Every structure is written in structure tokens, then in C-alpha cells.
Amino acid sequence: MNLYKKSLHYLSPYKGNIALILLFNILYALFSLFSYTTIIPFLSVLFGDTPAVMEKPEIILSAATFYYYLGQLIAVKGTIFTLIATGLTMVFFTFLSSLFRYLGLYCMAPIRSGILRDFRRDIYAKVISLPLSFFHKHKKGDLLNRMGTDVQEVEWSIISSIQIFCRDPFMLLFFLTALFIANTKLTIISLVVLPLSGLFIAAVGKSIKRNATKAQEVLGKMSVKFDEAINGLRIIKGYNIIEQTAEDFKKDNDYHAKVSTKILRINEMGAPLVELLSIVSLAVILLIGSSFVFTDPSFKGEVFVMYIVCFARLIQPAKQLVSAYYTIQKGKAAAQRIEVVMDADNVIQNAPDAQTKSTFNENIVFNNVTFSYQEDPHCEQTGVPIYVLQDINIEIKKGEKIAVVGPSGGGKSTLVDLLPRFYDIQHGEICIDNLNNKKIILKDLRDLIGIVNQDTILFNDTVFNNIAFGQQHVAEERVIEAAKMAQAHDFVSQLPEGYGTMIGDRGLKLSGGQRQRLSIARTFLKNPQILILDEATSALDNESEFLVQQALETLLEGKTAIIIAHRLSTIRNADRILFLRDGRVAESGTHQELMELHGHYARFYQVQQV
């Protein structure tokens, strides 16, 4: 289903507000009409042309009844008093009109803020639930733009839809009805140009939607470059490519400005066009209507003046309807981009027969595991399947420490990413205690596993909250104990606000070793039964590595672990070492056994000793 249509369900919690908006806008339009039509009796009294109605009419809601009481008021209070009373009546109706317009906008406010909140909530929840493979195709900056600018466009579009259905149509309906009542023939003549303007507006709307799509795509590319520039600022400065990077960004920025200018020019064309056509109609009315005043006794001068005023009042709601229509077209373009995210398949889900599992008792088995990051792994040129991992057969018993080594690109990180189902395999199976990991409830599966990566993931929050991340209502004593076990308590205590210190974006206020120890402290607090250490010390200096290695040794006690390491000296004491090459297990054994083979591992180890 089209996301724009589907997004209208966000209005369902605000049915009461919409009903009130509808009511208040009807009253706004009604009292606006009353305030303008009051000009007829005002002018009739002013020019002494008030119809004489001597007997009180039987029909209460009629013009005759109104003029009967007006004549009585003139007879008793005089002309000046009646003019003042009529003027005050006009002011009163205008006050009521303005009041109901404000009340309509008052009820609209929670809808505007609520839709934006709900929309962002759902797209955020969708993004963080998607598999990692989705982010191989879409850049982070572009996704951020879709969550920001595109969502804002859709929100404006939905609000414009409410405006189209709940406000301006009533203004047009009531005022057009008054015009038809005043003089049907003149009204028909004045409306001849509207079908032509409608066709033009529709054509312009399609152009706006097409160009808005281009603009949002370019803005997404610019967001990507912003994100890459901030993350890679050291490289940009270090390689002296500031001007080159700025020029590259300038090209996209200039193109976006060009497309945006085109959209703005087209967008601003509609309202002046409607106004021009309305003025043309108004000029026609003045010419033709003047002759009607002289030839039709029932079409008096004051009615003609009211007719002109009411027709002029139609111009503003007509312009607003056109603007709202164009806003909706831009919203549809933004909705198409958001739809890519919202309709993306979340292939990593709980199986219908998934089971709970809270303990790890026996072993982990990789049985003929084959995996490719591509949906269709076949090479376009040769048709031969390209797999990152092929026919992996491993058994890891409870309590074992298994090290995985090998050249870059061999599939080491991919292997450990398959265990917590960051990706799902194409062939084979991964079992924990003879239970396929696809048949374990996802939350339970990931609760069993703790991960310490080379690229430490910390958040712009306090030290305490980073250690306690994912845990609810954690006692301070437990956090401090976890920090001590991770060799982090000493440096945390020296921070300006201790565990309450904000560590900055991605923890950049801390050194690499400090960030890694906080990550290990977080894993200590989680206390998982299975550990994955993915290059946990490779980016550290010798002193930091020594401290982190001490923390890791404590962390590994009594745990089942899969350790990925480039520095082979750190995994010599592993129970078993797997050498991964070209996606296959080339060798397996202890350090001593592999050295005696004089194979891949031995050569790899000897190179590092040089």
C-alpha cells in the first residue's frame, strides 16, 4: 500500500480533535459569511434604502423578518443608532469567526506534534529492527535524512490534507452559496475560468512531485557526505583534501539549490495564478454586474457590493487549497523514500515455533554452514556462486576457548556474526545444545551472548549509563564492580564527575583503551554465557593492551568463547585455533599442533615474529 495513504492511520487517535476541527471550521466559515453579508443592511440604512416591512412575517428565519426588526429599530432609535448597531453586529460576527478559527487551530496543534512524534517513533523502531544487510545498501546519512526532512514533509502533507477536508471547502461552499443566492447568472459567468485553472494546477502538481523526489535524493547524498566528513575528518585533513572534499560537496549542494529553486518557482506559481484568474473574474463581475444593477430591480446596489466583497473573500481559501495540494504532492514524493525503509523486509525474525532458552549447557555446532551477503550469490559474469563462508563445520564445547585467525577478508567476523543471527545463513545450520539458533527466541539467543568488538560502540551518555546499557534498574554497586573487573574503575574515578561524566559522541573524550575497558565492563555486567571477542585489543597501544588483556582474562574465566585476533601471541593458550582462509577452515588444532604442521598458521605466526 502507498505509504502516504497508509500514513493517514496516524490520524486515528485524533478522531475527537478532527471532529472538533470540522465543527469549529464550519462555524468559522458560517460566521465569516454573516460578518460579510451584514454589509447589506448597513448600506441599506446608510443610503435610506431599507425595505419597508410593516407587518411581522410568519417565517422567523427570513430576510423579511430581519428587515421588519431593522425598520422598527430605525423608527424607535433613529438611523445613526441603527448604523452603530449594525456595525457592532458585524464586529461581533467577525469576533466569533476569529474565535472559531483559533479553536480549530488549537485542536490542530496536538495533531501536528503527535503525528510527527508517532511517525518518527515508528520509523526509528523499524530502522533498528532491520537486519544489518539492509545497511549495506543504504548509507547512514541518507537514512537520517529520511527520518528528518522526509518525515517532516509527510507530516506537513497530512496536515494539508486535514486543511483541505476540514476548513477551506466550507469557506468556498458557504460563500459560493451566498453568491448563487444573490445572483445565480452572475455567479455562473464568474466561475467559467475555474475548470481551466484546475487543469493547470494538476499539471503543476505532477511537476512538483517529480522535482521534489530529485531534491530529496540529492539531499540524502549530501547528508551522507556530511556524515562521512565528520567521521573522516582526520583523514580529510591529513591528506590535505579539504578543498577537494568541499568542491565535491558544492556540486551536489548547487544541484540541490537548482532543483529547489525550480520547485519553489513552480510552487509559487499556483497561488498568483488563482489570484489572477479571480481578479479577471472580479473585473468581469464588475462590468456585467453593474448592468444587472440597472436592469434587475431585485439586484440592488448594496447586494452588488456584498457580492463583490464575498467574491473577493473566495480568493484566499482558493489559494490555500492550491498551496495545500502542492504540499501534498511534495509529501507523496517524501513518502516514497520513507516507504523504502518502512516496507523493507525484516528477514531476521522469530520462527513460529521458536523456543525459549535461558542456559547454555553442552555445545555450539556449525554444521555445513555456507553464507553470502548477497541475496543472489552468483557472479553476474561467470554465474559461479560467491560465498563468504563455505561448508563450515565446527563444534565448540561448553567452556572451550576457540580462536579464529587468518588473513583479512577470510570470513572471521562474518562467522561470529552468524551465531547471534545478525545475518541468517543460506545453507546448513548453527545449533546451540542441539537447537537450531533460528528456533530460539531472538531475545533469548542474544541474551546468551556477549560481544566485545575492535570498534567500541559507546554512546553520548554518562559512564554509568554506558556500562549499564541494556540493563534495567541496575544498582550502582554492580556497575562499579563491573568497572573494577574490567580495569576501568581507577580512570573513571579520576574523571570530573566520576560515573556521571558525559563521554561525548562515541566516547571520543576517552582514549581507545579506556573506551575498550568500558565496553568490557558492560559485558561483565551482562554476564553472558557465551563470549565473542572480535579483535578486542588490535587497535591498542602496549600499555592499554596489557590492561585490557587483564580484563579479558578475568572475563573469560568459566566462559565459552570465540576469539578473533590478528596478534597471535594473545591466543596461544586457546583450547583450539581455527585458521580461516577464503571462507573455509583450512587448519584446526592447538598452537603447538599447528606449528608442527608447518602450514598456513605456522607461516602466519612466523611473519608476526619477525
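Let's start in strand S5, where Leu435 is the bridge partner of Ile432. That bridge belongs to the pairing of S4 with S5, which is antiparallel and runs over two bridges. A word of caution before I go on: this is a predicted model.

Now widen the view. S4 and S5 sit in an open sheet of four strands, ordered S2-S1-S4-S5. The pairing in this sheet is antiparallel. Its edges are strand S2, residues 389-397, and strand S5, residues 435-436. Each of those edge strands pairs on one side only.

Phe371 lies in strand S1, residues 363-371. Its partner Tyr423 lies in the loop between helix H14 (412-418) and strand S4 (427-432). So how is a pair like this described? By the distance of the ring centres and the angle of the planes. For Phe371 and Tyr423, the centres are 5.7 Å apart and the planes make 55°. That counts as tilted. The two residues are 52 apart, and the pair links distant parts of the chain. Are they buried or exposed? Both Phe371 and Tyr423 are buried.

Across the whole structure, the search gives 12 aromatic pairs. There is also a cluster: ring pairs link Phe24, Phe31, Phe92, Phe93 and Phe100.

Next, the other sheet. Six strands form it, in the order S6-S7-S8-S3-S9-S10. It is open, and the pairing is mixed. Strand S6 (449-453) and strand S10 (584-589) are the edges. Neighbouring strands are turned by 15° against each other on average, ignoring direction.

Look inside that sheet. Strand S3, residues 401-405, pairs with strand S9, residues 576-581. The sense is parallel, over four bridges. Val404 has Leu578 of S9 as its bridge partner. Over at S6, helix H19 (residues 512-526) lies across S6 and strand S7 (530-534). H19 runs at about 175° to S6.

Last stop, the helices. H2, residues 15-37, packs with H8, residues 168-182. The angle is about 30°, and the axes are 9 Å apart. The crossing is right-handed. Which residues of H8 make the contact? Phe170, Met171, Phe174, Phe175 and Ala178. From H2 come Leu22, Asn25, Ile26, Tyr28, Ala29, Leu30, Ser32, Leu33 and Tyr36. By class, that contact has 12 nonpolar residues, two polar and no charged ones.

Note on methods. Residues numbered from 1 in each chain as written. Predicted model: local features only at pLDDT ≥ 70, side-chain atom pairs only at ≥ 80, totals over all residues. Heavy atoms only, no water. Axes fitted to C-alpha atoms, helices over the stretch in contact; angles between N-to-C directions. Left-handed = near helix turned anticlockwise from the far one by under 90°. Contact = heavy atoms within 4.5 Å. Nonpolar A, V, L, I, M, F, W, Y, C, P; charged D, E, K, R; others polar. Pairing = 2+ DSSP bridges. Phe/Tyr/Trp six-rings, centres within 6.5 Å; stacked < 30°, edge-to-face > 60°. Buried < 20%, exposed > 50% of the residue type's maximum accessible area, 1.4 Å probe, protein only.
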